Amino acid sequence: MPADLHYHKGHMWVHWVAPDQAFVGLDDFARRLVGHPDKIALPHAGSWTDQGEMAVEVIRDGRKVRLQAPVSGEVVARNPALNGDPDEIHRDSYGRGWLYKIRSHKLAEQLNGLLDGSLAERWMEDTRDRFHHQLVLASGSVIQDGGTTVEDLAEQLEPEALQQLVDEFLSPSPRSTGA
(Lines give C-alpha, C1' and ligand atoms only; values in the text may rest on other atoms or scores of the structure.)
Protein backbone atom coordinates (compact mmCIF):
# COMPACT_ATOMS: atom_id res chain seq x y z
CA MET A 1 0.00 0.00 0.00
CA PRO A 2 1.71 3.20 -1.09
CA ALA A 3 1.90 5.54 1.89
CA ASP A 4 1.04 8.73 -0.03
CA LEU A 5 -2.47 7.55 -0.93
CA HIS A 6 -5.81 7.76 0.86
CA TYR A 7 -7.97 4.63 0.91
CA HIS A 8 -11.75 4.18 0.77
CA LYS A 9 -13.23 1.07 2.39
CA GLY A 10 -14.58 0.05 -1.01
CA HIS A 11 -10.92 -0.61 -1.90
CA MET A 12 -10.39 2.46 -4.02
CA TRP A 13 -7.48 4.86 -3.56
CA VAL A 14 -7.12 8.61 -4.03
CA HIS A 15 -3.87 10.38 -4.91
CA TRP A 16 -4.15 14.09 -4.15
CA VAL A 17 -2.23 16.03 -6.85
CA ALA A 18 -3.60 19.59 -6.49
CA PRO A 19 -5.77 21.43 -3.96
CA ASP A 20 -8.89 20.39 -5.85
CA GLN A 21 -7.73 17.45 -8.00
CA ALA A 22 -6.86 13.81 -7.45
CA PHE A 23 -6.38 10.55 -9.31
CA VAL A 24 -8.57 7.57 -8.40
CA GLY A 25 -7.76 3.88 -8.73
CA LEU A 26 -8.36 0.49 -7.16
CA ASP A 27 -6.12 -0.99 -4.52
CA ASP A 28 -4.21 -4.26 -4.66
CA PHE A 29 -6.93 -6.14 -2.79
CA ALA A 30 -9.59 -5.15 -5.36
CA ARG A 31 -7.16 -5.84 -8.21
CA ARG A 32 -6.66 -9.42 -7.07
CA LEU A 33 -10.35 -9.96 -6.40
CA VAL A 34 -11.58 -8.76 -9.81
CA GLY A 35 -8.70 -10.35 -11.71
CA HIS A 36 -7.98 -9.67 -15.38
CA PRO A 37 -10.80 -7.50 -16.78
CA ASP A 38 -12.21 -7.71 -20.28
CA LYS A 39 -13.57 -4.15 -20.08
CA ILE A 40 -13.81 -1.24 -17.68
CA ALA A 41 -16.70 1.23 -17.73
CA LEU A 42 -15.58 4.56 -16.30
CA PRO A 43 -17.58 7.70 -15.59
CA HIS A 44 -17.47 10.14 -18.50
CA ALA A 45 -15.42 13.32 -18.36
CA GLY A 46 -17.70 16.12 -17.21
CA SER A 47 -19.91 13.77 -15.17
CA TRP A 48 -20.27 13.96 -11.40
CA THR A 49 -19.54 11.15 -8.97
CA ASP A 50 -20.79 11.05 -5.38
CA GLN A 51 -18.68 9.51 -2.65
CA GLY A 52 -19.91 6.00 -1.87
CA GLU A 53 -21.99 5.72 -5.04
CA MET A 54 -21.14 3.21 -7.76
CA ALA A 55 -18.80 4.86 -10.27
CA VAL A 56 -16.81 2.13 -12.07
CA GLU A 57 -17.77 -1.21 -13.55
CA VAL A 58 -15.16 -3.90 -14.15
CA ILE A 59 -16.41 -6.56 -16.56
CA ARG A 60 -14.96 -10.04 -16.85
CA ASP A 61 -16.49 -13.04 -18.58
CA GLY A 62 -19.84 -11.23 -18.61
CA ARG A 63 -19.77 -10.65 -14.84
CA LYS A 64 -19.78 -7.10 -13.56
CA VAL A 65 -18.10 -5.79 -10.44
CA ARG A 66 -19.19 -2.31 -9.46
CA LEU A 67 -16.84 -0.08 -7.47
CA GLN A 68 -17.68 2.95 -5.36
CA ALA A 69 -16.38 6.47 -5.85
CA PRO A 70 -14.02 7.28 -2.97
CA VAL A 71 -14.69 11.03 -3.23
CA SER A 72 -17.30 13.28 -4.81
CA GLY A 73 -16.52 15.58 -7.69
CA GLU A 74 -16.43 16.20 -11.40
CA VAL A 75 -14.57 13.68 -13.53
CA VAL A 76 -12.03 15.71 -15.51
CA ALA A 77 -10.13 12.85 -17.19
CA ARG A 78 -10.33 9.12 -17.77
CA ASN A 79 -7.31 6.90 -18.22
CA PRO A 80 -7.13 6.47 -22.02
CA ALA A 81 -4.80 3.47 -21.69
CA LEU A 82 -7.65 1.40 -20.23
CA ASN A 83 -9.68 1.61 -23.46
CA GLY A 84 -7.16 -0.44 -25.38
CA ASP A 85 -5.80 -2.45 -22.47
CA PRO A 86 -8.11 -2.81 -19.45
CA ASP A 87 -5.68 -5.30 -17.92
CA GLU A 88 -3.42 -2.34 -17.06
CA ILE A 89 -5.36 -2.12 -13.77
CA HIS A 90 -4.20 -5.63 -12.98
CA ARG A 91 -0.56 -5.07 -13.94
CA ASP A 92 -0.10 -1.65 -12.29
CA SER A 93 -3.11 -0.66 -10.17
CA TYR A 94 -1.20 2.07 -8.29
CA GLY A 95 0.44 3.61 -11.36
CA ARG A 96 -0.43 3.34 -15.04
CA GLY A 97 -3.68 1.57 -14.09
CA TRP A 98 -5.30 4.65 -12.51
CA LEU A 99 -8.99 4.96 -13.42
CA TYR A 100 -9.98 8.62 -13.54
CA LYS A 101 -9.04 12.09 -12.35
CA ILE A 102 -11.49 14.13 -10.32
CA ARG A 103 -11.91 17.80 -9.37
CA SER A 104 -13.71 18.78 -6.18
CA HIS A 105 -13.78 21.88 -3.99
CA LYS A 106 -14.48 19.52 -1.04
CA LEU A 107 -11.51 17.25 -1.72
CA ALA A 108 -9.50 18.07 1.42
CA GLU A 109 -12.58 17.59 3.59
CA GLN A 110 -13.40 14.23 2.02
CA LEU A 111 -9.80 13.00 2.19
CA ASN A 112 -9.96 13.53 5.96
CA GLY A 113 -12.68 10.86 6.03
CA LEU A 114 -10.55 8.30 4.19
CA LEU A 115 -7.85 6.03 5.60
CA ASP A 116 -4.13 6.65 5.36
CA GLY A 117 -0.88 5.76 7.12
CA SER A 118 -0.97 3.26 9.96
CA LEU A 119 -4.76 3.40 10.12
CA ALA A 120 -4.94 2.22 6.50
CA GLU A 121 -2.43 -0.54 7.22
CA ARG A 122 -4.43 -1.80 10.20
CA TRP A 123 -7.66 -1.68 8.16
CA MET A 124 -6.02 -3.72 5.39
CA GLU A 125 -4.74 -6.29 7.89
CA ASP A 126 -8.25 -6.62 9.31
CA THR A 127 -9.66 -6.91 5.79
CA ARG A 128 -7.14 -9.61 4.94
CA ASP A 129 -8.06 -11.60 8.04
CA ARG A 130 -11.80 -11.31 7.40
CA PHE A 131 -11.23 -12.19 3.75
CA HIS A 132 -9.25 -15.34 4.58
CA HIS A 133 -12.09 -16.44 6.84
CA GLN A 134 -14.71 -15.77 4.13
CA LEU A 135 -12.56 -17.44 1.48
CA VAL A 136 -12.33 -20.61 3.55
CA LEU A 137 -16.12 -20.59 3.94
CA ALA A 138 -16.69 -19.88 0.23
CA SER A 139 -14.22 -22.45 -1.09
CA GLY A 140 -14.45 -25.10 1.59
CA SER A 141 -10.66 -25.21 1.73
CA VAL A 142 -8.37 -25.01 4.70
CA ILE A 143 -5.17 -23.00 4.50
CA GLN A 144 -2.72 -24.98 6.63
CA ASP A 145 0.49 -23.16 5.71
CA GLY A 146 -0.77 -19.60 5.47
CA GLY A 147 -1.52 -20.01 1.78
CA THR A 148 0.07 -18.39 -1.23
CA THR A 149 -0.74 -15.13 -2.93
CA VAL A 150 -3.29 -15.50 -5.70
CA GLU A 151 -3.12 -12.87 -8.42
CA ASP A 152 -6.57 -13.59 -9.89
CA LEU A 153 -9.18 -14.78 -7.41
CA ALA A 154 -12.03 -14.32 -9.89
CA GLU A 155 -10.55 -17.13 -11.95
CA GLN A 156 -10.39 -19.47 -8.96
CA LEU A 157 -13.90 -19.07 -7.53
CA GLU A 158 -17.38 -20.06 -8.59
CA PRO A 159 -19.46 -17.03 -9.67
CA GLU A 160 -21.70 -17.15 -6.59
CA ALA A 161 -18.76 -17.30 -4.18
CA LEU A 162 -17.02 -14.45 -6.02
CA GLN A 163 -20.17 -12.32 -5.90
CA GLN A 164 -20.51 -12.88 -2.16
CA LEU A 165 -16.93 -11.70 -1.61
CA VAL A 166 -17.38 -8.70 -3.92
CA ASP A 167 -20.56 -7.69 -2.11
CA GLU A 168 -18.88 -7.89 1.28
CA PHE A 169 -15.52 -6.33 0.52
CA LEU A 170 -15.94 -3.98 -2.47
CA SER A 171 -19.41 -2.64 -1.68
CA PRO A 172 -19.33 -1.68 1.99
CA SER A 173 -22.44 -0.25 3.53
CA PRO A 174 -22.60 3.59 3.63
CA ARG A 175 -21.91 3.63 7.37
CA SER A 176 -18.62 1.76 6.89
CA THR A 177 -17.15 3.42 3.78
CA GLY A 178 -14.61 5.57 5.51
CA ALA A 179 -16.61 8.53 4.30
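Which residue forms a salt bridge with Glu-57? The partner is Arg-66, with the closest N and O atoms 3.8 Å apart; a salt bridge here is a side-chain nitrogen of Lys or Arg within 4 Å of a carboxyl oxygen of Asp or Glu. Arg-66 has a relative accessible area of 44% and is partly exposed (buried means under 20%, exposed over 50%, partly exposed in between, with a 1.4 Å probe and protein chains only).

The model is predicted: local features need pLDDT of at least 70, side-chain atom pairs count only at pLDDT 80 or more, and totals for chains, interfaces and linings use all residues. Residues are numbered from 1 along each chain as its sequence is written, and side-chain values use heavy atoms, leaving out hydrogens and water. Mean pLDDT, the predictor's confidence in each residue from 0 to 100, is 86 for the protein.

The count of salt bridges comes to 13. One of them joins Asp-28 to Arg-32, with the closest N and O atoms 2.7 Å apart. Both residues lie in helix H1 (residues 28–34), about one turn apart; helices are DSSP runs of H or I with at least four residues, and strands are runs of E with at least two, numbered from the N terminus. Asp-28 is partly exposed at 24% relative accessibility, whereas Arg-32 is buried at 18%.

A further salt bridge links Glu-88 and Arg-91, at 3.0 Å between the closest N and O atoms. These two residues are three apart in helix H3 (residues 88–91), so about one helical turn separates them. Salt bridges that share partners join Asp-85, Asp-87, Glu-88, Arg-91, Asp-92 and Arg-96 into one network.
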